[in-house]
Amino acid sequence: AAPQPGALRLRFAGVSSLVFDDGETAWMTDGFFSRPPLSALLLPIAPDAQRIAAERQALGLTRLAAVIPLHSHYDHAMDAPELARQTGALLLGSASTLNIGRGAGLAESAMREVKPGDSLQLGRFKLTFIAGRHSPTPWSDGISREEVEAPLQAPALASAWREGQVFSLLVEHGGRRILVQASAGFVPGALSGLRADVLLLGVGTLGKKDPAYRERYWAETVRAVGARRVIPIHWDDFWLPLPSPSSGDSLQAMPALFDDFALTMGELQSQADREGRELRLPPLRSPFDPFPGTTQP
């Protein structure tokens, strides 16, 4: 059932696409639905407006207050301008994200740049943007940063969607707090002093990191904010389309060449058990109450 006014529900749509909805205001992170195949690493790609519209309808999204890419790689920001256009949303993001919006033809009035330390209000939601880092990968060292320096027009190679500023996003609603960590990287000490009941934890590529990195990542995120519930995100194979709502199929994890999700989940579960925290995977598309002490489908 749709959430009643004031009751927060989340919906997960793969990677780190998350719909926040309290019955009065709905907004989402990333909104990546095109999900081009693995050849995207070699061939030009572009948003698929029909697929975006179909997924938007499957999620019941008619209007959004904002679409917020948490960094500017294509699996986070490529679809965001088209989704904003279809839902009347404001595109919120870094300077790089706004150049993606400009290349897609969005008006300046339909976009707003945010920087680390900024806070803004969307209905009953207070959002605070915190400087983060990307997970170290062969394509991103997790420290340096490349910007989208001019309007980006698709089709383009995936590499054209450069990282830009990476954000951790603190969401406050009704006296409770959720932290969204969309990529498995961290700035040492950046989250110290923050508190969150729930952590939506990006875990993509963690299975290819060494144990010391995984332990440090947990300490710098989950332990730092004291989250009682941890919800892994950004673990699915985004080179595959989202399963049809009628199929009953589940998301598939990233291929073994790029990640080891079973290893990651085993270690996260052990950490959670030792520290008395709750670890849950989110359901695909179905609304759920994110907070500890509540049930999920």
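This is a predicted model: local features need pLDDT of at least 70, side-chain atom pairs count only at pLDDT 80 or more; totals for chains, interfaces and linings use all residues.
User: How are H1 and H3 oriented to each other, given their crossing angle?
Analyst: Helix H1 spans residues 49-58 and helix H3 spans residues 80-87. Their axes come within 10 Å and cross at roughly 55°. Angles of 65 to 115 degrees count as roughly perpendicular and those under 35 as roughly parallel. H1 and H3 are therefore oblique.

User: What is the handedness of the crossing of H1 and H3, and how do the residues of the contact divide?
Analyst: The crossing is right-handed. H1 contributes Ala49, Ile52, Ala53 and Arg56, while H3 contributes Glu82, Leu83, Gln86 and Thr87. These residues divide into four nonpolar, two polar and two charged.

User: Is His173 buried or exposed?
Analyst: His173 is found in strand S9, residues 167-173. Its relative accessible area is 6%. Buried means under 20%, so His173 is buried.

User: Which side chain does a polar contact join to that of His173?
Analyst: Beyond four places in sequence, His173 is in contact with Gly6, Leu8, Asp22, Arg124 and Phe125. A polar contact of 2.9 Å joins the side chain of His173 to that of Asp22.

User: How many charged residues are in the contact of H5 with H6?
Analyst: Helix H5 (residues 211-225) and helix H6 (residues 261-275) pack at about 50°, with axes 12 Å apart. H5 supplies Arg214, Glu215, Trp218 and Arg223; H6 supplies Leu263, Glu267, Leu268, Gln271, Ala272 and Glu275. The contact holds four nonpolar residues, one polar and, as charged residues, five.

Methods. Residues are numbered from 1 along each chain as its sequence is written. Side-chain values use heavy atoms; hydrogens and water are left out. Axes are lines fitted to C-alpha atoms, for helices over the stretch in contact, and angles run from 0 to 180 degrees between N-to-C directions. Helices (H or I, at least four residues) and strands (E, at least two) are DSSP runs, numbered from the N terminus. Angles under 35 degrees count as roughly parallel, over 145 as roughly antiparallel, 65 to 115 as roughly perpendicular and the rest as oblique. A crossing is left-handed if the near helix is turned anticlockwise from the far one by less than a right angle, and right-handed if clockwise. Contact means heavy atoms within 4.5 Å. Ala, Val, Leu, Ile, Met, Phe, Trp, Tyr, Cys and Pro count as nonpolar, Asp, Glu, Lys and Arg as charged, and the others, Gly among them, as polar. Buried means under 20% relative accessible area, exposed over 50%, partly exposed in between (1.4 Å probe, protein chains only). A polar contact is a pair of N or O atoms within 3.5 Å; within protein, one must be able to donate a hydrogen and the other to accept it, and residues adjacent in sequence count only if both atoms are side-chain atoms.
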